[in-house]
Amino acid sequence: MTEPAPQVTGSHVATTPDKKVDEARRARTARRYAAERRFEYMGLAAVMSAGAFLVILLWTIVGNAIPALTYNYVSLPINLEVDDLTQTNAIEYDFRKIVRAGLTEAVPNVSGRRETRKLRRIISSGAAIELRSEVASDPSLIGKKSDIWLPLSDTADLYLKNLMGDITRPESQRKISDSEIGWIDDLKGQGKIETRFNSIFFTHGASREPEMAGIWGAVVGSFLTLLVTLVLSVPIGVAAAIYLEEFAPKNRITDIIEININNLAAVPSIVFGLLGLSFFLAGVNLGWFTIGGFFPRSAAITGGTVLALMTLPTVIIASRASIKSVPPSIREAALGIGASKVQATFHHVLPLAMPGILTGTIIGMAGALGETAPLLLIGMVAFIVDIPGGLTEPATVLPVQIYMWADFPETAFRQKTAAAIMILLAFLICMNAFAVWLRNKFERRW
Amino acid sequence: MTGMLKTHKALALAGAFALTTLVSGVAHARDQIQIVGSSTVFPFSTAVAEQFGQNTKFGTPVVESTGSGGGMKLFCAGIGEKTPDIANASRRIKEGEFKACRENGVTPVEVKVGFDGIVLGSVKGGIELALTPEQIFLALAKEIPVDGKLVANPNMKWSDVDPSLPDTKIEVLGPPPTSGTRDAFAELALEGGAKKIEMLAAMRKQDKKAFAKVAHAVREDGVYIEAGENDNLIVQKLEANKNAVGIFGFSFLDQNSDKIAGATINGNEPTFEKIAAGDYPISRSLYFYVKKEHVGVIPGVEEFVAEFTNENTWGDDGYLADKGLIPLPEADRKSVAESAQSLTPLSM
């Protein structure tokens with residue numbers, strides 16, 4: 001007689017053949033746990049490497065950008081006691097001579113053509129323009145002699161910020177000569193050089209001189225462009241989504257429209273640029289009349305319209321998903337107490353879908369903010385100095401400005417590029433944070 | 001009810017705004033010059049544009065970097081304020097482009113502005129090269145003649161090309177085929193070198209097309225690395241790799257002369273003086289073309305030409321020289337300025 005096997009709760013009897021089964025089961029469990037741990041580690045590694053890349057990216061950008069936030073100015077004795085300068089012609093007066101005279105007074109005993117040229121190199125070529133705007137804003141300076149702070153040149157500034165590389169190398173192997181270093185150190189010793197907040201960077205438009213280049217033109221351009229994009233894509237996108245979701249019959253035509261919208265969302269952005277070029281700028285000739293061709297090249301309105309076309313599918317898809325997620329009981333309740341379909345949609349469904357719609361819109365806008373490819377074709381990748389004053393004036397946008405600065409040969413543009421990237425990132429973070437805030441504030445769960 | 005009204009009102013307002021912005025875009029006369037074209041002329045053109053905007057009553061010209069060919073296409077498309085007024089080019093206008101221009105009623109006025117050298121640079125303290133165009137061809141061409149036959153380029157080290165060169169791997173970072181710098185490099189350096197090789201010189205006499213094909217083909221086996229259109233990026237990559245050689249415009253060497261040294265070609269260093277004198281062989285002329293029909297229509301075109309051809313701008317001590325432009329000889333400057341300012345149409 002065999003003994004009854006000891007019972008183990010919830011499992012089989014541990015007889016000899018069953019031992020094997022038990023072992024196999026244990027091995028399986030161990031494998032499953034191992035797989036789970038492996039997956040966990042892989043996930044962790046993925047997060048950590050993404051984090052590491054982000055830290056490296058931000059580290060290099062911020063590290064490069066910080067020097068661009070300050071600039072070195074020199075105080076020069078400026079003599080505005082000149083006969084041909086009056087309050088009326090100050091706005092177009094050529095101040096170059098006056099700045100040069102001030103420089104010669106501040107650094108006396110420089111002789112010879114070569115040395116004089118070197119001396120002029122320590123002051124920015126935009127100093128005369130800066131002086132002009134200073135005089136324009138304070139006409140009482142005219143007819144007096146006063147010490148005025150003017151920007152140094154980019155090489156002098158890089159030297160003072162220790163970004164020149166090794167300056168103990170022989171003179172021929174560096175961008176700054178011994179005499180320039182001597183004058184700058186001298187002026188610094190006299191307290192005539194001061195590091196100030198780089199307000200030029202935040203108030204000026206583009207320039208070929210790194211010290212005169214600012215981001216403001218691109219910020220205004222980006223703002224105007226996005227304004228056009230927003231104004232065009234939100235009403236059209238939301239209206240399309242409402243119609244397709246709430247009113248359109250479900251048939252083959254709406255199916256085709258839906259497929260097309262989904263496809264358009266995946267079309268590379270450069271294609272929209274080509275569309276903008278051929279339709280908005282050139283116009284399509286139909287024989288007896290031309291469609292389109294009504295926009296000026298390089299203008300914010302053109303860029304905004306092209307970007308609106310690009311973001312429309314995103315807005316429509318996000319809005320539709322958001323409208324769809326409103327429970328049908330809300331509509332039925334509204335219809336049940338006698339509301340019309342339009343009333344049910346606009347009074348009840350749309351307000352509840354709004355957070356989702358807004359989030360989708362802002363994400364789409366953030367995408368449009370970072371876009372350069374379509375703008376290349378409609379002439380917004382351009383060197384534009386004047387700050388755009390309207391939608392039809394030539395404008396450029398932040399990512400384009402970054403791209404162009406990265407391409408200029410002057411080394412001082414490297415810091416400007418990094419600083420411009422920081423501004424673009426700040427914009428994006430603000431927009432995304434706003435989207436998150438909206439979602440949290442208005443989100444509803446059923 | 002109010003909710004609906006509000007939403008409707010907002011939508012209607014937005015729509016009305018969109019419409020007005022659309023309409024206001026329709027009628028608008030251009031009050032600044034539009035310049036398109038070569039990315040090599042871009043740094044100089046923009047510098048002049050900025051000075052012009054600061055020192056005259058006219059708006060600052062808008063300068064686009066579209067490449068020489070793309071710029072010419074836009075420029076020659078016709079007249080009227082929708083088309084650009086000036087096209088920059090890092091080569092002369094082609095016959096076909098000139099024809100297209102004339103057919104569309106455009107009369108181009110040619111202005112030669114100066115020279116640009118193409119440099120083979122490496123980081124200071126890194127590899128030092130003294131090359132001839134022939135050696136450049138043998139190092140970088142896709143196919144080279146070996147024992148009377150064209151074979152895939154077998155040279156992997158500089159010393160394989162010529163025993164006098166260093167015993168290091170050939171690593172060249174250069175612009176992609178879309179770049180004008182690359183075109184000019186192929187034409188001036190590679191073709192110039194190919195002509196010196198007997199077999200290819202014979203081939204050139206018989207079949208020009210086949211010769212050009214061989215002379216302009218750059219190797220694709222990883223020795224020549226396409227590093228993008230951004231010359232700054234090439235310079236930065238050189239700093240990281242002592243043995244790499246980069247191909248870029250002279251202005252980038254000029255601005256980075258503290259870190260980068262240029263290889264000598266036929267014993268000539270790429271310096272301002274040697275390029276201006278024509279001793280340094282890899283250099284090309286830069287141009288811009290003015291649309292004569294737009295003079296007097298778009299404000300400031302004539303004045304812009306005058307600003308560009310001013311001694312303070314393009315002269316030996318002008319501000320463009322500080323930006324790396326190599327000026328024309330003085331006599332040429334005089335004659336070019338004269339014909340430009342009198343708007344003498346180009347004839348071909």
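Reader: What is the relative accessible area of Asp317(B)?
Author: In this predicted model, local features need pLDDT of at least 70 and side-chain atom pairs count only at pLDDT 80 or more, while totals for chains, interfaces and linings use all residues. Residues are numbered from 1 along each chain as its sequence is written, chains are lettered from A and ligands numbered from 1 in the order written, and side-chain values use heavy atoms, without hydrogens and water. Buried means under 20% relative accessible area, exposed over 50% and partly exposed in between (1.4 Å probe, protein chains only). Asp317(B) is partly exposed, at 43%.

Reader: Which residue forms a salt bridge with Asp317(B)?
Author: A salt bridge puts a side-chain nitrogen of Lys or Arg within 4 Å of a carboxyl oxygen of Asp or Glu. Here the closest N and O atoms are 3.8 Å apart, and the partner of Asp317(B) is Arg117(A).

Reader: How many residues apart in sequence are the parts tied together by Arg331(A) and Glu246(A)?
Author: The two form a salt bridge, with closest N and O atoms 2.7 Å apart. Arg331(A) lies in helix H12 and Glu246(A) in helix H8 of chain A, so their pair ties together parts separated in sequence by 85 residues. Helices (H or I, at least four residues) are DSSP runs numbered from the N terminus.  Both Arg331(A) and Glu246(A) are buried, and the separation is 85 residues.

Reader: What is the relative accessible area of Glu410(A)?
Author: Glu410(A) forms a salt bridge with Lys323(B), at 3.0 Å between the closest N and O atoms. This pair crosses between chains. Lys323(B) counts as buried at 6% relative accessibility. Glu410(A) is buried too, at 3%.

How values were computed. Helices (H or I, at least four residues) and strands (E, at least two) are DSSP runs, numbered from the N terminus.
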